[in-house]
Amino acid sequence: MEKLFGIQTDSLAYGSGILASLMFLILIFVAIRAIVMFKIGARNLPRNPNQTVLIILGLMLSTTIIGASLGVGDTVTHSIRKVVFDGLGHTDETIRPTGSRFFGEEFISRDQLDRIKQVIKSKTNNVDGVMSLVEIVLPAENLSNDRAEARMTLRGFNHSETTAFGKLFLLDGTEVNISSLGKNELFLTGSSSSTLSASSGDQLRFYSTEGVHDFVVKGILKDGGLASGGSIKLAILNQSDMQNEFALIDKFNEVLLSNKGGIEGGLKYSEEITKNLRLAFSNAEVSNQMFDLLNSDKILDLIEKKIEINSENRSVSETDRETFGDFLTEIRKGSISDEFINLINDSRKRFLLFSLVKELEDSSLLDQLVFLSLDLGEFQVEESKKSAIEFAELIGSSTTTFLGLFGSFSIIVGILLIFLVMVLLSASRQTEMGMARAIGFKRYHLIQIFTLEGWLYAILSSLVGTLFGVAVSFTLVYLLQNAIGSDDFNISPKYTLTSLVITFSSGMILTLITVIISSYRISKLNIIVAIRGLTEEMVKPPEIIWKDRFKTLLIAIFWPVKVFKDLRKSSISFFKKTFRVIFSILPPIWLWQILKSIFSILSPLLRQGWPIIILGIIATYYGLDLLKGTYFSVGISLVILGIGTLLRYVFSKKIFIVKRINRFAASLEGALLLAFWGAPFDTFEGLTGELEFGVEVFILSGVAMVASSVWLIMNNTQIILWVFNFITGKAFSSLQAVFKTAVAYPINAKFRTGLTVSMFALIIFTLVINTVLSGLDNVGLNQPDRLTGGYDIQARLPKGFDIGDLKKNIEDKGFSDRISIDVVAKSVDVPSLAKDASSEESQFDELGLKIVNDSYFSSNKFEFSHYDPKYGSTPMELWLALKNDSNLAVLSNDVFESGDPFGPPQEGFLIKDFPSDSEADKWVERQILFKPNTTAVEDKVVTRTVIGILDPLAGNYQGGPGRGPYMITSDDVMVDYLGQQIPFDTIYISLKDGDAKEVVPILEKIFIVFGMDAVDTIGQIESEAETGESFNRLFQGFVGLGLLVGVAAIGVLSVRAVVERRKIIGTLRAIGYTSNMIQVQFLLEAIFVTVLGVLIGVGLGILTSWNIFNSISQEVEGLTYVVPWVNIIVLVSITVVFALITAFLPARQAAKIFPAEVLRNE
Amino acid sequence: MYDYFVKFSLLGDVMPQDIIVETNGLHKIYGSESLRVHALKGIDLKIETGEMVAVMGPSGCGKTTLLNCLSGLDSINEGDVVIDNRPISSLNDNQMSEFRAKFMGFIFQTYNLLSVLTAQENVEMPLLVSGVKSGLAAEMAKNQLEEVGLLDWIDHKPDQLSGGQRQRVAIARALVNQPAIIWADEPTGNLDSSNEKEIMDLMARLNSEHNQTVVLVTHSDLVASYAHRIITMNDGVVVSSENTAK
């Protein structure tokens, strides 16, 4: 992967590596300087090896999760890269004629080819090969055995041009070349030969619109070199022979370029070569004219405004902002530059600029620009390999980001565990530390001891965690391979050094930071409290002397002066002095002093609550102004927390009610925060308007809801105790003593219990949401007609093939007894551009046009999300209206903005003035203008009246014209629009009876000459559901790793509880507890904490998934909310069983405690 | 079995025999071959029902070990411990636990109260362990705390009580089951002299009122002065057993 969270992975690796190394070096320095403290800390590792192993295992989990997500990302990237390199071989760039490939191919002529070659020669030295390509895709049949393939790619190469593109080898290793092919001979690649079961000498028949073409297989090639095609079924022919056979003399589809540096090494030249060639092929005059048009103050002002970061531009993406910036720089130069020509020749960037110009509402300017752009260049130069590799990187990094995003809960939980482990470690050494402080150890000595001990744990746990991360990623990848299970895409495990560095470094940084923070907290112990085992509540907080705090700040600002002054009086050697000065005035140390003193001034103020309220109000205001949901939500949360803190502060002097007020304030905070974050997503929309939420809000809301629930519950434990006493008092009288203590202990240790409960709650929360939402996908299985339109089979044909009357064809071929067809409907997709007729804007956006026949209208069962009631209120009535009036049309549902922060950016025609969550019958007919998006036909604008919007599910099996929205209208438009009747390329079939699964291969066989590619729609839905289910399981497995952290926390807590309560265990044994009762008590404690966490997680998960479901339901009708209780019960049971297993050993240890031994110690 | 113990114990109907605790040639050895500590070297002892016995002696002489062996908290290497005509070595771990729950109460120097429970809940514990229903247990615990003068403190947790109050809770916990024998290991070791006296007055009163046998280990002459008999130990053997004026 090259990027992660928008940052270059290399930079991330360097950054994290350097930071981790710096921290490492600083700690080595500290360890050398304070060798005694290091020894005190380090001796704890060998002293209790079991505890050390447990701590390392606990601390490593965050690292493991980071490592696993990076490993999966690496593998996905590597696997796609492999597909790209296998598919493209030595080809780095391609040159094609400008214009679309509609109605037959556009070709490069012999003259153009020569010119292209000359230009390449003169413009770059980094190309080592230029090759012309003739390529067609046709259905093929092996006459020797009746095996067929609907889409066989035939490539014709000219041997004299192929040197740089690799050699050809037969399977037995013999080198062959294209010139050895005789007339009507070809080579097959391995995958094509196995599809057709072909071997040398077999006769293949290809079917084209012109007739049949017979060839003989000369040999089977090894993949690679010229025979690179990835999963494509490829046949390689002699170019001139192919041109003769298929009437393509002096016609070439593409020119392929191979860069110097081999298959992978040539990538680095791609950008430069593409740039040079685009310049060379661009029409300088047109570029100049466009530059002149764009070089105006109003356009420059407009671009300037667009790249400003403010609330108006919140929807402008980083990449778009960058593109606008590039245009601004180039236009400001005042004269046309090569960079400008490059920018304007890049179609994506050009359209982006045009969409901006559209905002000027100067339609004549826009028209001129659009018109000029049609003549910008003769050829398109594409960085084929580089773009494909970038796509691979994008998929890889998206996978990691996705896993990282959901794994972040587990990472947070892992960090909580580190914190918990450190706090428990300190608890076990409280008396020891108190004594150390009493005999003169300073606070920083304690920080040093703990940090240095934690440092050793961090190194070991990061190492072990990284190894486990690699192992887990490979396991997940193995599962992924099974989930995909495709022959076309093989997953090859990969773990890059960069990821290894990031995993280890980030794991160590996270662990160390947590260790340092917890060490700081630990060091703040009160000596008396520590020695006598009292509670912190009994300590009076120190009095705040503001003068001293400001003085400390002043000293911190002039820190070097203080260091010099202190050292002047010191009697240490000059060398040591110099060293200490250099170390003390290092920016991080200096900055730390300043920050520490600022914090010491701010913290008492923050404890008064009002500054938090003010901060919250500012954040809320900022959020509302920028329409940023995250700021708004954080702001409101701060206000709630501020109110609680203020309440505590105001009543802190009222000693008699302080406890009650504390409890009340905490309950208020918990309840309000929970209500705020748990409320349906649109609760505040009436007040705030529609706010924009990023993916971060998912993590934030999860953490906020779990934290507030745990906060609320841990501050109202009396209620839980009461409930437990009530239940156990009635139901289990003989075990009530055990129950009472089993609940009382965790409830009393609020901090550690709260932390562990949060861990379970966070993970279960994520898993429950995933489980509930994955159940929603089943709508496809429950109501398949909404996806398939009621058609059993959908068949695609290559462009130009006219299958005619399908039923009659089947009858003629004698298959009517095996295929019983009820209905046949047809469609063809035409790339188009469209705009709303009422819009002032002149810009047309991409909107596919699906032209359908009458039978489609009367037979399909697709539904509508919105419709104009004037035309009917049921799908049948609406389709009938469309059939009767060819001026009507409907739009696909993706004309609405999805607002999905996880989804890809939306492109093409959008309806912005009609909210997608409006009631179904509120749509009012509107006129849409559209025109063909191709230069192959005359630019003709046609109007249709859109009477409804399709159900969002209807797109899935429509065989839409590619990505993006589309419009369905009657085939009456065809001649008027395209100037000719074109054949339908998609056929929808409903069977009278019979199994579609069995009919599909028969159909493909009958219509092989048409290259028919058919699918059984229900089978497709089922197999997709199965793949989806596998992905869900994979995802659940990944997130479930977090449960390990929770379970580890239970283990740590149990071990600690046994150590802390030895004497109490002895006492309980003395008053009559049996050893079994002790064991049961410890197991019950583990169950109680686990179940509490699990219940919170399940509750919040169900609440959040309900909110998500409601939000989705506004877009997709007919979804049903089902809580998969069986899955959840299984999940909960597994969690509890694992927690029990973990707690079993400590519980057994507790049960074996010999009372006399522990009681004697006193 | 439970019913028997509950009925027997709660009625406060102590055993008909005069001798409630008896040991014959009791030996206790700690450690392994390389480090052996012969803590008790053939102790022969008889304690009568309702007797208050103080065990004294220098540190490390085996007082606490004797108490632990007598109460069944610790195992013995040789000899017999017979309580209520029952050799306790014949009881398995569970039977011994039940036996302790019905017949014995314990008071420790450091109170050993459960810090997470209130005074009342601490006192309820032995009752609940014995199978007493929670309602009755709560009432009995309350009565017992009233008897030790802590009725107003029943909802307080140990860390909200003074040392003397904590020990009273511990005494209430030891007595609430109305056990036949109370074992007290340095019951006033953590208290000042006025608290020490208060606690001992309380124990003496309860001993005489309920006719419960009390065996206490102490260094304090004041505590010992409340006992009917003082057993002095040294180096694992009983060197004297003298009745006091009481």
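Is A:Ser197 buried or exposed, counting the other C-beta atoms within 10 Å? A:Ser197 is exposed, because 12 other C-beta atoms lie within 10 Å. A residue is called buried if 20 or more other C-beta atoms lie within 10 Å of its own, exposed if 12 or fewer, and partly exposed in between, with C-beta atoms placed from the backbone.

## The model

This is a predicted model, in which local features need pLDDT of at least 70 and side-chain atom pairs count only at pLDDT 80 or more, while totals for chains, interfaces and linings use all residues. Residues are numbered from 1 along each chain as its sequence is written, and chains are lettered from A and ligands numbered from 1 in the order in which they are written.

## Two loop residues with positive phi

Most residues other than glycine have a negative phi. A:Ser197 has a positive phi of about 50° although it is not a glycine. A:Ser197 sits in the loop between helix 6 (190-196) and strand 10 (203-208) of chain A. Helices (H or I, at least four residues) and strands (E, at least two) are DSSP runs, numbered from the N terminus.

A:Asn184 is also not a glycine, and its phi is positive, near 55°. This residue is found in the loop between strand 8 (175-176) and strand 9 (185-189) of chain A. A:Asn184 counts as partly exposed because it has 18 C-beta neighbours inside 10 Å.

## Where the chains meet

In the contact between the chains, 26 residues of chain A touch 28 residues of chain B. Two residues are in contact if their C-beta atoms, placed from the backbone, lie within 7 Å. On the chain A side, helix 31 (736-748), helix 41 (1062-1070) and helix 44 (1155-1160) each supply at least two residues. The largest share, 7 residues, comes from helix 31 of chain A. By class, this side has 10 nonpolar, 11 polar and 5 charged residues. Here Ala, Val, Leu, Ile, Met, Phe, Trp, Tyr, Cys and Pro count as nonpolar, Asp, Glu, Lys and Arg as charged, and the others, Gly among them, as polar.

Two packed helices are described by the angle between their axes and the distance between the axes. Helix 31 of chain A packs with helix 4 (residues 119-129) of chain B at an angle of about 140°, and the axes are 8 Å apart. Axes are lines fitted to C-alpha atoms, for helices over the stretch in contact, and angles run from 0 to 180 degrees between N-to-C directions. From helix 31 of chain A, the residues A:Gln736, A:Ala737 and A:Lys740 meet B:Glu121, B:Met125, B:Leu128 and B:Val129 in helix 4 of chain B. The residues of this contact divide into 4 nonpolar, 1 polar and 2 charged.

## Nonpolar cores

In soluble globular proteins, nonpolar side chains tend to be buried together. A nonpolar core is a set of buried Ala, Val, Leu, Ile, Met, Phe, Trp, Tyr and Cys residues joined through C-beta atoms within 7 Å. The largest core has 222 residues, and those touching the most other members include A:Leu417, A:Met759 and B:Val215. Helix 16 (residues 384-428) of chain A gives the most to this core, with 16 residues. A second, separate core of 62 residues includes A:Ala795 and A:Phe1007.

Leaving aside neighbours within four places in sequence, B:Val215 is in contact with residues including B:Ile47, B:Leu70 and B:Trp183. B:Leu70 lies in helix 2 (residues 63-70) of chain B and counts as buried because it has 25 C-beta neighbours inside 10 Å. Its C-alpha atom is separated by 8.7 Å from that of B:Glu22, 48 residues apart along the chain.

## Strands and sheets

Strands of a sheet pair through backbone hydrogen bonds, either parallel or antiparallel. Two strands count as paired if DSSP finds at least two bridges between them. Strand 25 (residues 966-970) of chain A has 5 of its 5 residues buried. It runs parallel to strand 20 (residues 848-852) of chain A, joined by 5 bridges, and antiparallel to strand 22 (residues 888-891) of chain A, joined by 3 bridges. A:Thr969 in strand 25 stands opposite A:Ile851 and also opposite A:Ala889.

In chain B, 4 strands form an open antiparallel sheet in the order 2-1-4-5. Its edge strands, strand 2 (37-48) and strand 5 (86-87), each pair on one side only. Strand 4 (residues 78-83) and strand 5 of chain B pair over 2 bridges, and B:Ile83 stands opposite B:Arg86 in strand 5.
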